[in-house]
Amino acid sequence: MPGTIGYAIWFLGALLEISVVVCAVLRGSFRRYLCLNLYMLFSFLLSVGRYWFLSHFGLRSSEYKYFYFYSDAVLTIFLYLALITLYLHVFDEMKVEKFVRLAAILLLAGTALFSYGVVQQSQTKMLTGFFVELSQNLYFVGLVLTYVLWGAILKLRESRTQLIQLVLSLGVYFSAFAATFALGNMLPNFQLIGYIVPVFGCLLPLAWAYAFWRLSPDARMVPARLAVVPR
Amino acid sequence: MAAVIFLASVAALLQLFISYCRSLIAPSIKQPLSAEVRDVTGIEKAASGEDFVRVIQLLHLCPERPEERGHIRAIGFYFRLLNFMRATLARVIPAVQSWTEMERGQCAYFAAVALDRRIAFSRDMLAQQIDV
């Protein structure tokens with residue numbers, strides 16, 4: 001992607017990622033949403049790391065490619081874990097922490113096995129292929145899980161505005177990525193995807209920074225009013 | 001398979017984005033408008049979708065508050081999405097017509113509340129300049 005616009009989007013994304021952590025620290029929400037903040041911090045550090053690899057080895061170097069794809073897979077797993085902590089927040093009072101964690105580990109292992117199966121059948125049986133496949137599949141699993149979590153929020157009448165906005169923005173992010181990856185598979189020569197993906201990448205930290213900065217952790221709303229289908 | 005994932009993702013994206021925009025609009029709905037904004041915009045109690053463009057034009061006349069820039073853009077995008085749904089889906093499903101109209105009205109009311117805040121912000125800035 002890099003080019004002037006590419007670098008600008010990249011820089012903006014990194015700036016927004018670190019601003020999420022700063023907003024959370026200043027508003028006292030860092031520990032409350034520890035995993036989400038660690039994900040953003042890690043994401044920022046990886047952006048710096050990617051820039052270092054890019055400037056030292058070049059865009060087409062295998063060093064940069066390996067670093068990019070491996071770090072992307074690790075980052076996706078981290079985001080998946082962040083999503084699971086949102087489940088723990090929503091189901092906090094039901095004391096089902098153990099079951100949620102067990103289900104999350106099983107689902108992650110299942111997704112990894114499925115991805116391995118797909119790569120095993122393809123002609124290019126490379127480790128990089130496995131990580132790319134795992135990332136894509138986790139985005140779709142993440143989308144389904146966020147959608148289920150949104151259903152649970154409506155059902156349980158969860159009213160914490162900050163938590164609701166964090167979940168909804170994560171759902172928008174996952175679904176936008178899953179749609180983009182699917183579009184990329186359908187139209188392999190569609191060049192614009194190289195720009196769409198980083199732009200979507202900026203939206204999640206923007207929404208989270210807003211949620212941490214502007215919304216009080218105690219602010220409440222009626223979730224049924226947000227449902228597209230009236231309840 | 002990719003086509004199925006694409007369609008499912010777009011459907012989920014639309015639904016979650018609509019809910020997200022509603023969560024942004026929700027706190028504004030409870031706020032009453034000041035008398036001067038009611039006079040300027042002509043909105044008495046409930047706004048209609050037709051008011052949105054006019055209120056946004058008025059918003060652009062006031063100095064911007066940086067913290068709500070992204071907010072207004074997101075709602076502007078949501079309003080265009082609603083217009084698109086009104087022009088396409090609402091012709092097939094009549095219930096969508098009244099729903100989109102209600103949502104468009106809430107977008108206009110949100111913009112009017114933002115206008116109210118900007119007027120208060122401009123007034124504060126002017127007061128500070130006079131003090132200096």
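Begin with both chains on screen and select the interface, where 26 residues of chain A are in contact with 19 residues of chain B; contact here requires that the C-beta atoms of two residues, placed from the backbone, lie within 7 Å. On the side of chain A that touches chain B, at least two residues each come from α5 (127-156), α6 (161-186) and α7 (193-214) of chain A, helices being DSSP runs of H or I with at least four residues, numbered, like strands (E, at least two), from the N terminus. Colour α6(A) separately, for α6(A) gives the largest share of that side, 14 residues. Colouring by class then divides the side of chain A that touches chain B into 19 nonpolar, five polar and two charged residues, where Ala, Val, Leu, Ile, Met, Phe, Trp, Tyr, Cys and Pro count as nonpolar, Asp, Glu, Lys and Arg as charged, and the others, Gly among them, as polar.

This is a predicted model, in which local features need pLDDT of at least 70 and side-chain atom pairs count only at pLDDT 80 or more, while totals for chains, interfaces and linings use all residues. Residues are numbered from 1 along each chain as its sequence is written, and chains are lettered from A and ligands numbered from 1 in the order in which they are written.

Stay with chain A and select α5(A), whose 30 residues should span 44 Å at 1.5 Å a residue, in agreement with the 42 Å between its end C-alpha atoms; the expected span is 1.5 Å times one less than the number of residues.

Next, select A:G13 in helix α1 (residues 4-26) of chain A. A:G13 counts as buried because 21 C-beta neighbours lie inside 10 Å, the cut-offs being 20 or more other C-beta atoms within 10 Å for buried, 12 or fewer for exposed, and partly exposed in between, with C-beta atoms placed from the backbone. Leaving aside residues up to four places away in sequence, A:G13 touches A:S47, A:P198, A:G201, A:C202 and A:P205.

Now show helix α3 (residues 62-90) and helix α4 (residues 97-121) of chain A, whose axes come within 10 Å and cross at roughly 155°; axes are lines fitted to C-alpha atoms, for helices over the stretch in contact, and angles run from 0 to 180 degrees between N-to-C directions. That angle makes α3(A) roughly antiparallel to α4(A), since angles over 145 degrees count as roughly antiparallel, under 35 as roughly parallel, 65 to 115 as roughly perpendicular and the rest as oblique. Display the side chains of A:Y80, A:I84, A:Y87 and A:L88 in α3(A), which meet A:E97, A:V100, A:A104 and A:L108 in α4(A). By class, this contact of α3(A) with α4(A) has seven nonpolar, no polar and one charged residues.

Move to chain B, where the axes of helix α1 (residues 2-29) and helix α4 (residues 69-87) come within 10 Å and cross at roughly 125°, so α1(B) and α4(B) are oblique to each other. The contact joins B:C21, B:L24 and B:I25 of α1(B) to B:H71, B:A74, B:I75 and B:Y78 of α4(B).

Finish at B:I43, in the loop between α2 (35-41) and α3 (51-61) of chain B, which is buried, with 21 other C-beta atoms within 10 Å. Beyond residues up to four places away in sequence, B:I43 touches B:L33, B:R38, B:D51, B:Y109 and B:A112.
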